[in-house]
Amino acid sequence: ITNKYSEFLPSMQSAEELVAQVERLAGSIDGLRARIESEVQRDLNVAVAEFTELKQQLERDTLVLSILKKLQEFDTAIKEYNTALLEKKYVVAAQQLEKARSSLKTLESRKGFELKILKALGTELTVQTQNMLYHLGEEWQKLVVWKLPPSKASSSLESVLASELCLCTVPSEEEFAGPPVASVLQAFAILGELHTKLKTFGQLLLKHILKPLISYSSLWPLVEEQSDVVILRFKSEELNLDNTSPVEVFEKIKQVLEFLHKYLLNVPLECVDDKKECKVVLSELLGDMIWEELSDCLIQNCLVNSIPTNSSKLEQYVEVIKSTEEFEKALKNMQFLKGDTTNLLKYARNVNSHFANKKCQDVIVAARKLMTSEIHNTVKISPDSSVSLPRLPDPGAGDHLEMEKTSKLLHNEMVILENESKLSQHTFSLPTCRISSSVEELMDLAYQTLLEATASTDQCCIQLFYSVRNIFQLFCDVVPTYHKENLQKLPQLAAIHHNNCMYIAHHLLTLGHQFRYRLTSILCDGTATFVDMVPAFRRLGMECFLAQMRVQKGEILERLSSARNFSNMDDEENYCAANKAIRQVLHQLKRLGKVWQDVLPVNVYCKAMGTLLNTALTGILTRITALEDISAEDADRLYSLCRTMVEEGPQVFTPLPEEDKNKKYQEEVPVYVQKWMTFKELMIILQANLQEIVDQWADGKGPLAAEFSPIEVKSLIRALFQNTERRAAALAKIK
């Protein structure tokens, strides 16, 4: 135990000492913590606050310093700008203005920091920019001088010849007071005004130089070089051609652009775009501005006029296409053009389509001009007259073989079907009549257009074919409308229009067949026909003529209405009125006979005159048969009036100018006048006694029975004869 105690005691003492040290150390730590919390933390918070304040102060000072620096840069730029401007160093001046503008933009972009001076600086910058542009404009006007005719002067060749463009050729050496053109253009580019200036120049160039060269074939550009200036003016050369060829026009335009490229536009310029430097090609910039309008002008005033009017000249147009290609190639070499083929070359290469369009347009215009010309200018056609048809090419080999096979087959199986009596060679010919010379020309135009189509490309052929169809459709719309008043008022024009329509319909029957196998294969399947238009033309002619016939019938009936129904002819006044009405009707018919003479075909003439004479006779018959009482004197005077109609009526049939040839048709009056025999029977009744009337009746088998009904005959007997046993007996036999 004693040994163990002696060993344990030192260990315990050392442990107690360690405990005492730990307690002292813990006390020191607590004291230190308390001191940190009370003193050091407070000092630290103060230091952080001071640091934050100093940092904010630094930022404000830095911002103020940068703003002052930008203000200094702005001020410096303006000062250097003024110095450069006085020395006419326009590029430097423009660059300094751009620096000032950049500094001002930076100042204005500072959010939460506004200076009242910025507005004043902006105003100053605007003023200086405009001042700079004014000086540049003055220099530009010295370098590029336009001498133009007064704005009120007419755009005649004389005024165009007075236009000049002078370019100053002062070199860039410093001993010359004037700045070079490159300096002015570079300054414009830096200020962003180059596009505006070139646009104005381009418009003047188009109006006073390029367009006149295109419009006037006798104008040519003339370049005159002097010591310090080069002048572009015009010279006039007398030419016999109405329209300048595109080759010459392209050459003139190329000379002008080469002049501009050599003395004005061949200047390397640089501009800053989105903080990137880029090169500006003046030729390309000007080309972008004027090319669209220039190419449109070249197309409308040059290429359109050069399109051939005949398919045989299409092959010669290759020269125009080649010159267009060379023209565009030259412009691309001068950098006026960029990219692929332009509208100008596309138009030139598409010559077949333009030829077809132009040809179709010319055909329609020519056709409409013929349709609106006078109808009364006529030509005489007859079955014997030779119709001038175009000579068509032989059918293709395939067609020939087909025909040969068919002919052999028919020959092997030939059966004699020929009749002893043959048709006349004029059976299917149009009868002799007069048509408008304009219609004959219209048909000739149709034939020539179809002949042109046979030698054209497929697309052109189709367009020309349907243009011919459009001609005839246009005729149906234009002629009746344009000549409406004359066709209604003038019988001769109505007859000529009738003939015109029948003449066109006659040709339309075979027009498509004649060209069917000469046109493109697309049209050879039966679509190349005009037969469908024949009924429309026949109807058009018939309706017009029938309308005129109705007018004439109305006038005849109106004149007969003044005859006082042919009653009480013993009254002299009534007789004179009836006689006057008869004379007026005959005069009207004779006038129509002369107007339609040698105009209408003979058969149509006779039918028309027969119809009108029949109308007159029917009107007289109706009125006389309606009378209830006819005295002996009335009967004599009525007979006299009827005899006038019978004697002079046939004389209105004068279809031919030769009098001796008209007798045939005057003798055939009963054929064309339905009531002619009825009218003659009426005359017999007016002069006959009861027995003669009964004999004419012949129990319903005589000539009187063929023309009158029993009721009509009885009515006439009652009107002519008194009521006696003899009249009653006669009436009894009429049944």
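The second largest cavity is lined by Leu 257, Gly 287, Ile 290, Trp 291, Leu 294, Leu 331, Phe 336 and Leu 337, where a cavity is a set of points, on a 1 Å grid over the protein atoms alone, at which a 1.4 Å probe fits but cannot get out, and lining residues have an atom within 4 Å of a point. The model is predicted, so that local features need pLDDT of at least 70 and side-chain atom pairs count only at pLDDT 80 or more, while totals for chains, interfaces and linings use all residues. Residues are numbered from 1 along each chain as its sequence is written, and side-chain values use heavy atoms, with hydrogens and water left out.

**Second largest cavity**
- This cavity holds about 40 Å³ of space, a volume being the space filled by probe spheres set on the points, which are joined across faces, edges and corners.
- Helix 8 (residues 282–306) gives the most to its lining, with four residues; helices are DSSP runs (H or I, at least four residues) numbered from the N terminus.
- Its lining comprises seven nonpolar residues, one polar and no charged, with Ala, Val, Leu, Ile, Met, Phe, Trp, Tyr, Cys and Pro counted as nonpolar, Asp, Glu, Lys and Arg as charged, and the others, Gly among them, as polar.

**Largest cavity**
- The volume of the largest cavity is about 80 Å³, and of its 13 lining residues the closest to the centre are Leu 370, Met 371, Ser 438, Val 439 and Phe 475.
- At least two lining residues come from each of helix 11 (351–371), helix 13 (437–454), helix 14 (458–482) and helix 16 (491–515), and helix 13 gives the most, with three.
- Seven nonpolar and six polar residues make up this lining, with no charged ones.

**Count**
- There are two cavities of 30 Å³ or more.

Methods. 1 Å grid on protein atoms, 1.4 Å probe; cavity = no way out; pocket = protein on both sides within 12 Å on 5 of 7 lines; lining within 4 Å.
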